[in-house]
Amino acid sequence: MKTFNFMMLLVCGIVQTVAAADGGVAEFDKLQISYQGAVERETAPLRDKYLAELQKLRDSYARAGNLAGANVVQAEITTMNQQVAFAKTGKRAPTEATSVAAANAGIPAAGAEVPELRWFVGKTWLTNAMTKWKFEKDGTGERERGGVKVATFTWRLLPSGMIEILERAAPDKPVTTTFLRFKNKFEALFGSGEASLTERLHYE
């Protein structure tokens with residue numbers, strides 16, 4: 001009840017502030033952005049805790065060789081991180097339907113630092129050594145060399161726009177982490193750390 005009252009007072013305060021602004025669409029936009037900012041501040045601590053627990057669970061599954069379980073958890077992490085990325089731009093995180101529609105219409109993703117999913121989801125990228133990386137929409141993927149699968153991986157979109165890849169060459173092999181940043185829909189860089197992206201990928 002206290003939380004509800006607080007939110008009502010907050011919204012009333014926002015409405016009073018916006019009422020002084022120009023009418024029309026601009027007024028609605030300001031109200032919407034203010035509301036989304038307030039919701040973000042209230043929910044961020046709970047969401048961050050949820051993400052931390054999800055990451056622990058995913059890593060636990062991965063270490064145990066339960067890739068199916070890790071993939072399910074990774075899909076949820078990816079969704080949450082996309083919501084975080086869009087929240088930081090002051091815009092709504094798009095639903096799957098609107099994401100597809102926007103991609104088909106050629107609309108860029110909100111925030112220049114966030115890559116468009118259509119650049120890599122469901123597509124294949126190549127390294128200079130001709131190793132293929134295939135990204136699936138459920139947050140999984142595989143790496144091939146010479147037509148032979150050499151590893152499977154899970155990927156997630158970080159709030160910074162960086163892609164984190166957790167890769168396992170075999171069930172009895174340790175998980176390795178690679179970071180990837182898409183410069184555009186044709187070129188990307190990757191490496192073992194977020195600050196050491198020294199290798200190049202290009203769209204097949």
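Visitor: Which residues have the most contacts inside the largest nonpolar core?
Guide: They are Phe120, Phe135, Ile163, Ile165, Leu180 and Phe182, in a core of 15 residues. A nonpolar core here is a set of buried Ala, Val, Leu, Ile, Met, Phe, Trp, Tyr and Cys residues joined through side-chain atoms within 4.5 Å. Buried means under 20% relative accessible area, exposed over 50%, and partly exposed in between, with a 1.4 Å probe and protein chains only.

Visitor: Which strands supply this core?
Guide: E2, E4, E5, E6 (176-182) and E7 each supply at least two residues. E4 gives the most, with 3 residues. Strands are DSSP runs (E, at least two residues), numbered from the N terminus.

Visitor: What is Phe120 in contact with?
Guide: Leaving aside neighbours within four places in sequence, Phe120 is in contact with Pro115, Trp125, Phe135, Trp155, Ile163 and Phe182. Contact means heavy atoms within 4.5 Å.

Visitor: And which residues belong to the other core?
Guide: That core lies apart and has 5 residues, among them Leu51, Val73, Ile77 and Met80.

Visitor: Before going on, what sort of model is this, and what was counted?
Guide: It is a predicted model: local features need pLDDT of at least 70, side-chain atom pairs count only at pLDDT 80 or more, and totals for chains, interfaces and linings use all residues. Residues are numbered from 1 along each chain as its sequence is written, and side-chain values use heavy atoms, with hydrogens and water left out.

Visitor: What is the mean pLDDT of the chain?
Guide: The mean is 74, and 72% of the residues reach 70 or more; pLDDT is the predictor's confidence in each residue, from 0 to 100. Over residues 17-22 the value is below 50, and that stretch has 7 contacts beyond near neighbours in sequence. Residues 90-113 are also below 50, with 26 such contacts in the model. Where pLDDT is low, the predicted coordinates should not be read in detail.

Visitor: Turning to the fold, in what order do the strands close into a barrel?
Guide: The 8 strands follow the order E1-E2-E3-E4-E5-E6-E7-E8, with antiparallel pairing. Two strands pair if DSSP finds at least two bridges between them.

Visitor: How many bridges join E4 and E5?
Guide: Strand E4 (residues 148-157) and strand E5 (residues 163-168) pair over 6 bridges in the antiparallel sense. Leu157 has Ile163 in E5 as its bridge partner.

Visitor: And where E1 meets E8?
Guide: Strand E1 (residues 124-127) pairs with strand E8 (residues 199-203) over 3 bridges, again antiparallel. Here the bridge partner of Leu126 is His202 in E8. E8 is also joined to strand E7 (residues 187-191) by 4 bridges, and Leu189 stands opposite Arg200 in E8.

Visitor: How many aromatic pairs does the structure hold?
Guide: There are 10. Rings of Phe, Tyr and Trp (its six-membered ring) pair if their centres lie within 6.5 Å; planes under 30 degrees apart count as stacked, over 60 as edge-to-face and the rest as tilted. Trp133 and Phe135 form a tilted pair, 6.4 Å centre to centre with 55 degrees between the planes. Trp133 and Phe153 are tilted as well, at 6.4 Å and 50 degrees. This second pair links distant parts of the chain, with Trp133 in strand E2 (residues 131-135) and Phe153 in strand E4, 20 residues apart.

Visitor: Why does Phe153 count as buried?
Guide: Phe153 counts as buried because its relative accessibility is 3%. Trp133 is buried too, with a relative accessible area of 5%.
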